[in-house]
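The exercises below concern a single protein chain. Please work through each task with the sequence and the coordinates at hand before reading its solution.

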Amino acid sequence: MKKTLITLTRIVCSTFDIAEINTISRKTKFIYARAIIYSVMRNHLYMTYQAIGKVFNKNHATIIHATKELPFMLKYDKELNRKYIAILSEWLGEKIKEPQTPENMIKNLQDENYLLNLEILRLTEKVQSQESIIEQFKESKEAAGNQSIRNWINL
């Protein structure tokens, strides 16, 4: 799919079930849709706040506010986060991984730490097992060596 502003607008409008993105409505779905489209334009099309404002006939401060608020909106509204990922996936034409929240990152790191500790325990047991085998070998070698000395003396 071609990465154009028109395509992005169509995707956002269909995702939020709205006819036009550039309305003056303060309904939540319009606020969310505008915030997403502004952020995508800023982060993926590398447009300035002023340029985005000109496209939608908005002040650049409005664009700044919406793009700065979007991460908080995504954090607290899981459905919005799902829609945002779906919009990006469709527009970019690739599978997007869900962004990691600090809580998810901590949980993943704790899980990884637990698995690494289990691996340490397994390897420690393996080393101890190998050390006991080496010790038994040394003892049998010494015993065999003493036996061969006795055999040599008794000749």
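This is a predicted model: local features need pLDDT of at least 70, side-chain atom pairs count only at pLDDT 80 or more; totals for chains, interfaces and linings use all residues.

**Exercise 1. Overall make-up**

Solution. 
1. For contacts between residues at least 6 apart in sequence, 49% join residues at least 24 apart.

**Exercise 2. The largest nonpolar core**

Solution. 
1. The core holds 31 residues, and those that touch the most other members are Leu8, Val12, Phe16, Ile21, Ile36 and Ile37.
2. At least two core residues come from each of α1 (5-16), α2, α3 (49-56), α4 and α5 (78-92).
3. Helix α2 gives the most, with nine residues.
4. Take Ile36 as a case: with neighbours within four places in sequence left aside, Ile36 is in contact with Val12, Phe16, Leu70, Leu80, Tyr84 and Ile87.
5. As a general background, nonpolar side chains in soluble globular proteins tend to be buried together.

**Exercise 3. Glycine 53**

Task: Is glycine 53 buried or exposed, and what does it contact beyond its neighbours within four places in sequence?

Solution. 
1. Glycine 53 lies in helix α3.
2. Its relative accessibility is 1%, so glycine 53 counts as buried, the cut-off being under 20%.
3. With neighbours within four places in sequence left aside, glycine 53 is in contact with Lys58 and Ile63.
4. Glycine 53 and isoleucine 63 are 10 residues apart in sequence, and their C-alpha atoms are 6.4 Å apart in space.

**Exercise 4. The largest pocket**

Task: What is the volume of the largest pocket, and which residues and elements line it?

Solution. 
1. The volume of the largest pocket is about 270 Å³.
2. Its lining comprises 14 residues, of which Ile31, Arg34, Tyr38, Thr62 and Ala66 are the closest to the centre.
3. The elements that give two or more residues to this lining are α2 (28-44) and α4 (60-76). Helix α4 gives the most, with five residues.
4. Sorted by class, the lining has six nonpolar, four polar and four charged residues.

Technical notes
Residues are numbered from 1 along each chain as its sequence is written. Side-chain values use heavy atoms; hydrogens and water are left out. On a 1 Å grid over the protein atoms alone, a cavity is a set of points where a 1.4 Å probe fits but cannot get out, and a pocket is an open set with protein on both sides within 12 Å along at least five of seven lines; lining residues have an atom within 4 Å of a point. Grid points are joined across faces, edges and corners, and a volume is the space filled by probe spheres set on the points. Helices (H or I, at least four residues) and strands (E, at least two) are DSSP runs, numbered from the N terminus. Ala, Val, Leu, Ile, Met, Phe, Trp, Tyr, Cys and Pro count as nonpolar, Asp, Glu, Lys and Arg as charged, and the others, Gly among them, as polar. A nonpolar core is a set of buried Ala, Val, Leu, Ile, Met, Phe, Trp, Tyr and Cys residues joined through side-chain atoms within 4.5 Å. Buried means under 20% relative accessible area, exposed over 50%, partly exposed in between (1.4 Å probe, protein chains only). Contact means heavy atoms within 4.5 Å.
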